[in-house]
Amino acid sequence: MKEKAVKIALAGNPNCGKTTLFNELTGSDQYVGNWPGVTVEKKDGRLKGTTDVLVQDLPGIYSLSPYSLEEVVARNYLVNEAPDVILNIVDGSNLERNLYLTTQLLELGLPMVVAVNMMDVVRKNGDAIDAAKLSKSLGCPVVEISALKGEGTKEAAELAVAEAKRGVKGERPHVFTGSVEHALAHIEESLHGKVENATSRWAAIKVFERDAKAIETLKVPADIVAHVEEHIKDCEKEMDDDAESIITTQRYSYIQKLTADCFKRSPRKPSTTFSDKIDKIVTNRILALPIFLLSLCVMWWLAVAEGGPGTVLTDWANDGFLGDGWHLPFTTHEVDGKDYDAAKEDFAKAEATVKAWEAGEKKASVEDEETGEMSEEWDIDEAGYKAAKEVKEPDPSAYGVWVPGVGALLGDAMDRMGVGDTVKNLVVDGAWGGVATVLGFVPVICVVFLFLAFLEDCGYMARVAFIMDRIFRKFGLSGKSFIPMIVGKGCGVPAVMAARTIESERDRRMTIILSTFIPCGAKTVIIAMFAALFFREMWYVAPLMDVIGIAIIVLGGIALKKSRFFAGEAAPFVMELPAYHMPTFGGVVRHTWNRVKGYMFKAGMIIFPACVFLWFVMHFDFSFNLLEDDAIDKSMLATMGGWFKCLLYPLGLGSWQGVAASVSAEIAKEQATATLGLVAAGMDGASTAAHITNLFASFVPAFVPDASKGAVAKLIAMSFMLFNLFVPPCMVAIAVTFREMGTKKWGWFAVAFQLFVGYTLAMSVYQIGMLAICGSFGFWTVAALLVDAFCLWAIFRPAKKN
Amino acid sequence: MTLNEVAVGGTVKIARLNGAGPVKRRIMDMGLTKGTEVTVRKIAPLGDPIELAVRGYELSIRKDEAAAIEVA
């Protein structure tokens, strides 16, 4: 007969080494899931070397109180699922506070083993723990381990399995004083037969504490609650305190007596530990902020700075590994005194010369692939044309060891199979393009999270919150919200994921909603193009976009905090500042890998089909013919854009081109500029830049007098830019937002809020601008003013008091 | 006197916790119960929150929350 699988639940305080122990016990055989409906992670894994022992990692908690999400999730799990045994990890270097949770876990009436962790630190400090005495007092086995060093972990797990099979044997301690124990005994008696027996002490204490959530979950009859109220009141009168406080205070009194008995603390001078020395520097009154800014600069450089590892890896992933191909480092050499990039540039110039000469022009220029900016023009003549015709496209393999990218290989394979262009494009550009979009973000996520995991594991992250809390709580955020916002300057995807480090659910959600308003790297491309095309003499437009982003975060934070969605439950800032320690390499890598895996498999499942769909509607017409790049005006997207153009009419963008560019910007923000170039190609003008300028001129309503046409075209360009910068971020970021917000409802809330902000901003600028430039006043002017008035009200109304 | 008024480096004993609900419970859960000895370790560079040493570890709370803790 096959034995039933044993479920071990790992429970303990945050920072007690629970995750290290979990990894030690399960090895690589684990998977990370979310608790249903909430963002709290649940990790399951199989005990190494067994097939029938399941280890479940509960969220790190300090107490089983009903007030924090993690705690409610953990205690509901323990009470409802009833694991076969609890393995309670206790930080030996912080025994008193850790044993507080232990006293609560013991009351659940489940088999339990206490593992005193960090014994290496305890011994190094010269302290000693009497495990036998502790075990006798707690009524359950106690083992000493060091998860980091791998000492005693296997024995702890084996003991837990044995304990699960044996059941509860020892007598659990009576923690409270005479009169409280008396009241509890009475409540227990009243509850007898009404709730499940094994948890009756737990239930009795919850009734005593008047814990409404537990009373509801345990289905305690109302008449019993009313009946025992008298006993609770008597106790409260006797101790001159409320019932909940009595329980908490007496738990700690019990623990104090217990540790005085079982724990020998060696005398030591204050402020001499390694941790204290570091802390003196990093939270120093003068040095704290510079050090924090320096660490942000390091992260900025790592993740998004030009030439930093994040950018180099991202370029390599997108253009090299996933795209055409790449040169193996250290194998490149020059041909005719030029490297590959210079040769490629020469070829592009020659191509432009040939094209311009054949079109009968006297000047030529090349366009920057990313920004759409035109280079300086050069004169061409017949000799130049003839010379240019001789220039051949450089062969990359002549310049070093060339490794073809997956995209190029896929294209070659399609060619060899002799499939038609339609199928080839569908596979290479559509499907593979979607996969590449998902994978293209992996390098930057890895880099950001390696750094964040390091900061978090070493204990600095808690100090960041400590230093920055003063500023951020003014607009309803937490000290830790600063990190996602800085990451957001580079890319919104790791920014949203970085919000994970914020414990309070409410602060985390607000941070996720707001952090993508900072213009990211891809949005900077839009800003660069519009600044160059329309606002050349207005140098302040580009930095203004960052200022607007910051203003939205501050004002949006204030408005959201006052709204009914985030009102109430003010998140207390009561936070442990853990001792500093050097994180292990494996721990940091595993931490990072878990996040990247979550991104690829969860977010990727949304991003990939959406990318393929958008690519499809951009490149096919309704008869399913593959279109040339410049025939986008016949695409399904153009037709569908025509249906929805009325939606953008109040922004001055009531045309299918405006819709198409904004929709395609959802694949990736920089796509907006590329699509504008494509949809404008049908217009007169030699270059993409001229196409786009003409396109915006064509958006100007007919009634505008000629003298103001230029100004209105600029206004519309501004409206388009604002709309695309401040509506929901690209699809990848939206998908990640949905995942991190936990529920669909909250995901939609984030998207709706962002859409509202972007739309309001663009509409207000366009409508008020039109009123100022040519005095046009109408329904939408009034609508814009009304919405603005609403926003001002939402920001400046007095906050509701609880 | 309340805890937010204690000078940096001062060690005091908790006399009473005012207030109710989640914040009070959280503070007590973290070990700040009646009769506990607390040392104020430092104040954050911007003046708030403060860092305490209690039961052998470091805890950070805001001055607002510290104002609800009476000490002697």
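In the predicted model, strands β1 (residues 6-12) and β5 (residues 85-91) of chain A pair in parallel. Five bridges join them. A:Ile8 has A:Val85 as its bridge partner in β5(A). β5(A) also pairs with strand β6 (residues 112-117) of chain A, again in the parallel sense. Six bridges make up the pairing of β5(A) with β6(A). Within it, A:Val90 stands opposite A:Val116 of β6(A).

Strand β5(A) is mostly covered, with seven of its seven residues buried. A:Val85, A:Leu87, A:Ile89 and A:Asp91 point one way from the strand. A:Ile86, A:Asn88 and A:Val90 point the other way. Residues on both sides are buried, A:Asp91 and A:Asn88 among them.

Chain A holds 34 helices and 14 strands. Its C-alpha atoms fill a box of roughly 105 × 65 × 60 Å along the principal axes. Of its 802 residues, 44% are buried. Among contacts between residues at least 6 apart in sequence, 68% join residues at least 24 apart.

The domain assignment divides chain A into domain 1 (6-166), domain 2 (178-264), domain 3 (330-402) and domain 4 (611-796). The C-alpha centres of domain 2 and domain 3 of chain A are 82 Å apart.

Helix packing was examined for two pairs in chain A. On the α7(A) side, the contact is made by A:Ser179, A:Val180, A:Ala183, A:His186, A:Ile187, A:Ser190 and A:Leu191. These meet A:Ile224, A:His227, A:Val228, A:His231, A:Ile232, A:Cys235 and A:Glu238 in α10(A). By class, the contact has eight nonpolar residues, five polar residues and one charged residue.

The second pair is helix α14 (residues 309-321) and helix α18 (residues 421-440) of chain A. The packing angle is about 170°, and the axes are 10 Å apart. α14(A) and α18(A) are therefore also roughly antiparallel to each other. A:Thr314, A:Ala317 and A:Asn318 in α14(A) meet A:Ala436, A:Leu439 and A:Gly440 in α18(A). This contact divides into three nonpolar and three polar residues, with no charged residue.

A:Leu452 lies in helix α19 (residues 442-458) of chain A. A residue counts as buried if 20 or more other C-beta atoms lie within 10 Å of its own. A:Leu452 has 25 other C-beta atoms within 10 Å and is therefore buried. Leaving aside residues up to four places away in sequence, A:Leu452 touches A:Ala498 and A:Thr501. A:Gly658, by contrast, is 206 residues away from A:Leu452 in sequence and 39 Å away in space, C-alpha to C-alpha.

Chain A also meets chain B. The contact takes 29 residues from chain A and 29 residues from chain B. On the chain A side, the elements that give two or more residues are α3 (95-106), α11 (243-262), α13 (288-303), α20 (460-472) and β14 (575-576). By class, this side has 14 nonpolar, seven polar and eight charged residues.

Strand pairing also crosses between the chains. Two bridges join β14(A) to strand β4 (residues 57-61) of chain B, and the two strands run antiparallel. A:Glu576 has B:Leu59 in β4(B) as its bridge partner. B:Leu59 is also the bridge partner of B:Leu52. Within chain B, strand β3 (residues 50-54) and β4(B) pair in the antiparallel sense over five bridges.

These strands belong to an open sheet of six strands, in the order β14(A)-β4(B)-β3(B)-β2(B)-β1(B)-β5(B). Pairing in this sheet is antiparallel. Its edge strands are β14 of chain A and β5 (69-71) of chain B, and each pairs on one side only.

Methods. Residues numbered from 1 in each chain as written. Chains lettered and ligands numbered in written order. Predicted model: local features only at pLDDT ≥ 70, side-chain atom pairs only at ≥ 80, totals over all residues. Axes fitted to C-alpha atoms, helices over the stretch in contact; angles between N-to-C directions. Helix = DSSP H or I, 4+ residues; strand = E, 2+ residues; numbered from the N terminus. Parallel < 35°, antiparallel > 145°, perpendicular 65-115°, else oblique. Contact = placed C-beta atoms within 7 Å. Nonpolar A, V, L, I, M, F, W, Y, C, P; charged D, E, K, R; others polar. Buried ≥ 20, exposed ≤ 12 C-beta atoms within 10 Å, placed from the backbone. Pairing = 2+ DSSP bridges. Domains from an automatic or database assignment.
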